[in-house]
Amino acid sequence: MLVYLLKSTACMAILFLFYKLFLERENMHVFKRFFLTGSLVVSLLIPLLVFTEYVEAIPMGTNTATDADSLIFSEQGNADMAMVNWEMLLWNLYSVGCLVVGFRFAKHLYQIVRRIQKNPKHNVNFSTRVLLNEKMPPHTFLNYIFLNKKELENGTIPREVILHEETHAKQYHSLDVLFIELLQVVFWFNPLLVLFKKSIKLNHEFLADSAVLNQRISTKKYQNTLLSYLSSDSLEKYRSIKVANAINYSSIKKRFTVMGKQTSKKSVVFRGLLLIPLVALMLFGFSDKKEVIKTSNSQFIENPDYSARSISIDILDDGNYLVEGFKASKNNFVEVINTFHKDIPPGIRNKVLNIHLKSSKEISKQEVWFVYNSLLEYGFYRLVTDDQEIIREKGNKPLAIENTYNQNKGASREQMREYNALAKKYNTMPRDNMHILKKEVERMTYLYSLMSDKQRADTEPFPNFPEPPRPPGPNGIEEVPPPPPPVKAPNMKEVKEVPPPPAPKSPLEHIKEVAEKGAIFYYEGKRIDANKAIQLLENNTDLNITTNHTNDEDYVVTISRSSKVTY
């Protein structure tokens, strides 16, 4: 909404400046009338226009400006600012302004309607003359011409004045005034509308003056007549006249200057042609643009909004949360989170959404894990706290809770339910027609590694997955290996002595081995590099080493003070 208002205001400013520089003092009043009202309509429509651009699809693997790594992430304001609902405050302020300006406009209309109803009226040609007892200057609203009854009966109102007002009624100048008055009710905060209204009403006077002078009335005599109606006392007293067209409304000096000026047809055409590049530039600069990706099969995919977004979550002292100013508990935390950024799906949130976790005290690792697990389905790109940054796309997870958290307590209830659902799915699947997803197998393996022995005994057995299919042979047919030779009973004379099993690896050897495989090391909850881990093992023999890994990769080693080694 703010972008639309800024764009429309900029268009109004450009067109109004063009009018003041090239059109206002020219004797081309009909063109100027349509230019001024058309400028308002064009300024409101241009920001709403959307031009679609079709672009070729970019091959996979190409770095694009929409990659999450190239986004610039902005920080949210502090918690005190988040507690103020600025959007609601601004809407309330806007509504109050609309009510005030709308009430004033309605009041002026009511005054004019009452003036028409309670005073005598006479129909003359296409207009209706309303005879007033009040001492007011002549003015016109729609086809009603308001004249002082006594002055009309005495014949003291000049013929030029009546012709002037009849021109306002005949050309329906009041419609232009009503249009901009309604715009002021909606856009009451835009000062440019005040300037447009003054120019529109001044141009109405130019049109009426031109119609009077076309009746072969002396310019000098007409100017003297206008000067006799210069008093503004009645205008201030009867403010509703400002909704109508009053003869002594605007700058007499400008009107006198324009009366004696002639504009050639060439000049009118030249100024009209200048508008073409001006409108083209405004269309280019202030309209909206949408990219549509054209795929190879001629389908079109709209480019989603990849701009960076964020959510600020404050952990309160009572264990509840403040999510962008809205209070939430652990029970309704996910429900509150789901009310934000509903315009983009989880897949887009995984590329652009930042979660900022804050607290007045040190944030516990259990809180980080709670927020992390709660937002997995909702989708996010990274989770940021004071001491860690978890980037989901890179497979990061919150810092291990000493990993003794899992060693002592095992998997959580949510993790157990997740594992049981996956394991039951594959255990009940026909073995000769299994559809296995690598991500789910890896997830089950990870959850199973977190369980204690008792949990493993009480849960669904780990699925017995079949061997993966062999790759096809050169003719596209799966190669079937020859049957194994028959197993003969062993000849005791030929049986060689079986060597004893190798001695178990020392903790230091284990650390060096997993370091070569790119393991991540933590010591007392803090991440350390491989050299530091090796140095700790060389200098200390009384250490606890816990290793978690999946499919012989993604090793995570936690070192703490104890005397136990777990691989």
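Me: Which residues in α7 are buried?
Reply: In α7, the buried residues are His173, Ser174, Asp176, Val177, Leu178, Ile180, Glu181, Leu183, Gln184 and Val185. Buried means under 20% relative accessible area (over 50% is exposed, in between partly exposed; 1.4 Å probe, protein chains only).

Me: How much of helix α7 is covered?
Reply: Helix α7 spans residues 173–186 and is mostly covered, with 10 of its 14 residues buried. Helices are DSSP runs of H or I with at least four residues, numbered from the N terminus.

Me: What kind of model is this?
Reply: It is a predicted model, in which local features need pLDDT of at least 70 and side-chain atom pairs count only at pLDDT 80 or more, while totals for chains, interfaces and linings use all residues. Residues are numbered from 1 along each chain as its sequence is written, and side-chain values use heavy atoms, without hydrogens and water.

Me: At what angle do α1 and α2 cross?
Reply: Helix α1 (residues 2–22) and helix α2 (residues 29–45) cross at roughly 160 degrees, and their axes come within 8 Å. Therefore α1 is roughly antiparallel to α2 (over 145 degrees; under 35 is roughly parallel, 65 to 115 roughly perpendicular, the rest oblique). The axes are lines fitted to C-alpha atoms over the stretch in contact, with angles from 0 to 180 degrees between N-to-C directions.

Me: Which residues make that contact?
Reply: From α1 come Tyr4, Ser8, Cys11, Met12, Leu15, Phe18 and Tyr19, and from α2 come Lys32, Phe35, Leu36, Ser39, Leu40, Ser43 and Leu44. Contact means heavy atoms within 4.5 Å.

Me: Phe18 and Phe35 form what kind of aromatic pair?
Reply: The pair of Phe18 and Phe35 is tilted, at 5.8 Å centre to centre and with 40 degrees between the planes. Rings of Phe, Tyr and Trp (its six-membered ring) pair if their centres lie within 6.5 Å; under 30 degrees is stacked, over 60 edge-to-face, the rest tilted. Phe18 lies in helix α1 and Phe35 in helix α2, 17 residues apart, and the pair links distant parts of the chain.

Me: Are the two buried or exposed?
Reply: Both Phe18 and Phe35 are buried. They also belong to one aromatic cluster with Tyr19, Phe22 and Phe31.

Me: How many aromatic pairs are there?
Reply: The count comes to 18 aromatic pairs.

Me: At what angle do α17 and α18 pack?
Reply: Helix α17 (residues 413–427) and helix α18 (residues 438–450) pack at about 130 degrees, with axes 10 Å apart, so α17 is oblique to α18.

Terms used. Helices (H or I, at least four residues) and strands (E, at least two) are DSSP runs, numbered from the N terminus.
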